[in-house]
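Dear colleague,

Please find below the structure that I am handing over to you.

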Amino acid sequence: MNTPFHTLFLAIQQQLQHEVPNLSHIAHDVGQLNEKSRPSVSWPCALIDFEEFTFTQLAENVQQATGIIVIRLGFSTCSSTAHMAPAAVKQAAMTGYDTEWQVHSALQGWHPDAHFTGALQRTSACTQRRTDGYRVREVRYRISFDDYSTRTQQKYTAAALQVVGVMQLPTTS
């Protein structure tokens, strides 16, 4: 069974894979960037999660879901942005911003499934302060969709039809 979050995750993963080819690792966020030792990802990475979803009841047990999709972008900071660093070194250090913009271009206004969801709309972007030498940007997108997975199924039973007083029409030859 493909649940709404299952379907959304795979669609976003595929969209990022096709539109942002420099991402080396695209996966579900299970806390990889919070590991004490070296995170179990390839750089740069995009980790996807679903947060803060609310559900509104519609007819026939259908619910409308609205919430936030979080894309955590992780970068290994091997280059310097110091003012005295050579231009090529600074340029390499700034590629994270370019990657973030490519991710945003791939997701903003995009419909993961035109029959199932609304378009993604960016709501915020921020940097996570870290002391481990990795740079993490968190970009959040709002989305809405209707969840039909628990829709009340209508059952119809064929009724017996009783014919009373049938009149036979004359046949013509």
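Helices (H or I, at least four residues) and strands (E, at least two) are DSSP runs, numbered from the N terminus.

Please note that this is a predicted model, in which local features need pLDDT of at least 70 and side-chain atom pairs count only at pLDDT 80 or more, while totals for chains, interfaces and linings use all residues. Residues are numbered from 1 along each chain as its sequence is written, and side-chain values use heavy atoms, with hydrogens and water left out.

In H3, the buried residues are Gly96, Thr99, Glu100, Val103, His104, Ala106 and Leu107. Seen down the helix axis, the buried residues of H3 fall within an arc of 165 degrees, so they line one face of the helix; the arc is that of the directions from the helix axis to the C-beta atoms. Trp101 and Ser105, on the other side of H3, are exposed.

H3 covers residues 95-107, and its 13 residues should span 18 Å at 1.5 Å a residue; the end C-alpha atoms are 19 Å apart, which agrees. The expected span is 1.5 Å times one less than the number of residues. After H3 comes glycine 109, with a positive phi near 80 degrees.

**The strands around E5**

Strand E5 (residues 134-147) is mostly covered, with 10 of its 14 residues buried. Two strands pair if DSSP finds at least two bridges between them. Strand E3 (residues 63-76) runs antiparallel to E5 and is joined to it by 14 bridges; glutamine 63 has aspartate 147 in E5 as its bridge partner. Strand E4 (residues 121-128) also pairs with E5 in the antiparallel sense, over 7 bridges, and glutamine 121 has arginine 142 in E5 as its bridge partner. The hairpin of E4 and E5 has 5 residues between the strands, and glycine 133 there takes a positive phi near 90 degrees.

**The protein as a whole**

The secondary structure comes to 3 helices and 5 strands, in the order α-β-β-β-α-α-β-β from the N terminus on. Of the 173 residues, 34% are buried.

Yours sincerely

Definitions and conventions: Buried means under 20% relative accessible area, exposed over 50%, partly exposed in between (1.4 Å probe, protein chains only).
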